[in-house]
Amino acid sequence: YNRTIRRLLLGVVLCIAVATAMVGPISFLGLIIANLEITNQNWIPDPKKATWLALAIPGGGQIYNKKYWKLPIVYGGFIGCVYALSWNGQMLRDYSNAYIDIMDSDPNTKSYEDLLPPNFDIDSNMNWLKDVIKNRKNKYRRYRDMSIFAFAGVYLVSVIDAYVDAELSHFDVSSDISMNLSPSISIDKGYRNVGFNLAFNF
């Protein structure tokens with residue numbers, strides 16, 4: 001129990017430390033990629049290049065598109081998924097070993113005691129304890145698998161975001177494009193018709 005709490009606190013501290021340490025290298029990488037492109041006000045990112053960079057380097061597409069504010073979101077998602085995968089994987093190993101030890105007849109294998117709070121009455125709760133350890137072993141296996149899918153999902157979303165962001169940069173959003181909605185009254189064969197005119201300017 002105490003080891004589990006210490007491991008949780010250590011994991012949180014490591015995530016904060018890794019996130020802080022990555023700020024400098026990520027910013028430096030962003031400057032390198034940005035300077036490889038033609039630095040003018042009319043620069044438009046290439047969707048294919050943004051996609052390949054996003055596939056090769058996590059967050060590379062966002063850096064190429066010069067959307068640096070998205071980097072904390074992308075890397076925060078990756079760090080969270082890596083921590084969840086590491087945590088659930090370790091807990092799965094602990095409970096798997098504990099379940100093997102509690103189910104065998106060897107009195108010297110008692111790794112499950114490390115998962116219990118102090119002064120826990122094992123003998124009177126042995127059957128209940130076996131069920132709990134088995135259920136938690138299965139639970140952390142599911143959580144580990146979900147962490148893998150979550151990591152893949154964050155990676156896929158970052159690639160799609162880089163492509164869509166670069167593709168939308170090709171759309172003209174200047175003031176020449178406008179829509180005008182105005183009321184309209186027309187007379188046809190003695191009947192007055194009331195409606196609206198919708199006009200698009202390109």
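## Buried, exposed and in between

A residue is called buried when its relative accessible area is under 20%, exposed when that area is over 50%, and partly exposed in between. By this rule, both Asp 165 and Lys 70 are buried. These two residues return below. The model discussed here is a predicted one.

## The chain as a whole

The protein chain has five helices and two strands. Followed along the sequence, their order is α-α-α-α-α-β-β. Of the 202 residues in the chain, 27% are buried.

The chain exposes about 13900 Å². Carbon and sulfur atoms supply 63% of that area. Now take the contacts between residues at least 6 apart in sequence. Of these, 59% join residues at least 24 apart.

In soluble globular proteins, nonpolar side chains tend to be buried together. Which residues have the most contacts inside the largest nonpolar core here? They are Tyr 95, Tyr 112, Leu 129, Ile 133 and Tyr 140, in a core of 13 residues. Helices H4 and H5 (126-168) are the elements that give two or more residues to this core. H4 provides the largest share, six residues.

Leaving out residues up to four places away in sequence, Tyr 95 touches Leu 115, Ile 133, Arg 136, Lys 137 and Tyr 140.

## Asn 88 in helix H4

Asn 88 sits in helix H4, which covers residues 71-103. Is Asn 88 buried or exposed? Its relative accessibility is 8%, so Asn 88 counts as buried. A polar atom of the Asn 88 side chain lies 2.8 Å from the backbone oxygen of Ala 84.

Not counting residues up to four places away, Asn 88 touches Tyr 140, Tyr 143, Arg 144 and Ser 147. Tyr 140 was named above for its contacts inside the largest nonpolar core.

## Salt bridges

Side chains of opposite charge can pair when their charged atoms come close. How many salt bridges does the whole structure hold? A search finds four. One of them joins Asp 165 and Lys 67, with the closest N and O atoms 2.8 Å apart. This pair links distant parts of the chain, 98 residues apart. Asp 165 is in helix H5, and Lys 67 is in the loop between helix H3 (60-64) and H4. Asp 165 has 12% relative accessibility, so Asp 165 counts as buried. Lys 67 has a relative accessible area of 26%, so Lys 67 is partly exposed.

Asp 165 has another partner. Its side chain meets that of Lys 70 in a salt bridge of 3.1 Å, N to O. Asp 165 lies in helix H5 and Lys 70 in the loop between H3 and H4, so this pair ties together parts that are 95 residues apart in sequence. A further salt bridge pairs Asp 145 with Arg 144, and here the closest N and O atoms are 3.0 Å apart. Asp 145 is partly exposed, with a relative accessible area of 28%. Arg 144 is partly exposed as well, also with a relative accessible area of 28%. Shared partners join Lys 67, Lys 70, Asp 161 and Asp 165 into one network of salt bridges.

## Gln 62 and its contacts

Gln 62 is placed in helix H3. At 1% relative accessibility, Gln 62 counts as buried. What does Gln 62 touch, not counting residues up to four places away in sequence? Its contacts are Lys 67, Tyr 68, Lys 70, Leu 71, Val 74, Ser 158, Asp 161 and Ala 162. Lys 67, Lys 70 and Asp 161 belong to the salt-bridge network.

Gln 62 and Tyr 163 are 101 residues apart along the chain. Their C-alpha atoms are separated by 9.1 Å.

Leu 156 is found in helix H5.

Terms used
Residues are numbered from 1 along each chain as its sequence is written. This is a predicted model: local features need pLDDT of at least 70, side-chain atom pairs count only at pLDDT 80 or more; totals for chains, interfaces and linings use all residues. Side-chain values use heavy atoms; hydrogens and water are left out. Helices (H or I, at least four residues) and strands (E, at least two) are DSSP runs, numbered from the N terminus. Buried means under 20% relative accessible area, exposed over 50%, partly exposed in between (1.4 Å probe, protein chains only). A polar contact is a pair of N or O atoms within 3.5 Å; within protein, one must be able to donate a hydrogen and the other to accept it, and residues adjacent in sequence count only if both atoms are side-chain atoms. Contact means heavy atoms within 4.5 Å. A nonpolar core is a set of buried Ala, Val, Leu, Ile, Met, Phe, Trp, Tyr and Cys residues joined through side-chain atoms within 4.5 Å. Accessible areas come from the Shrake-Rupley method with a 1.4 Å probe; for residues, only the protein chains shown count as cover.
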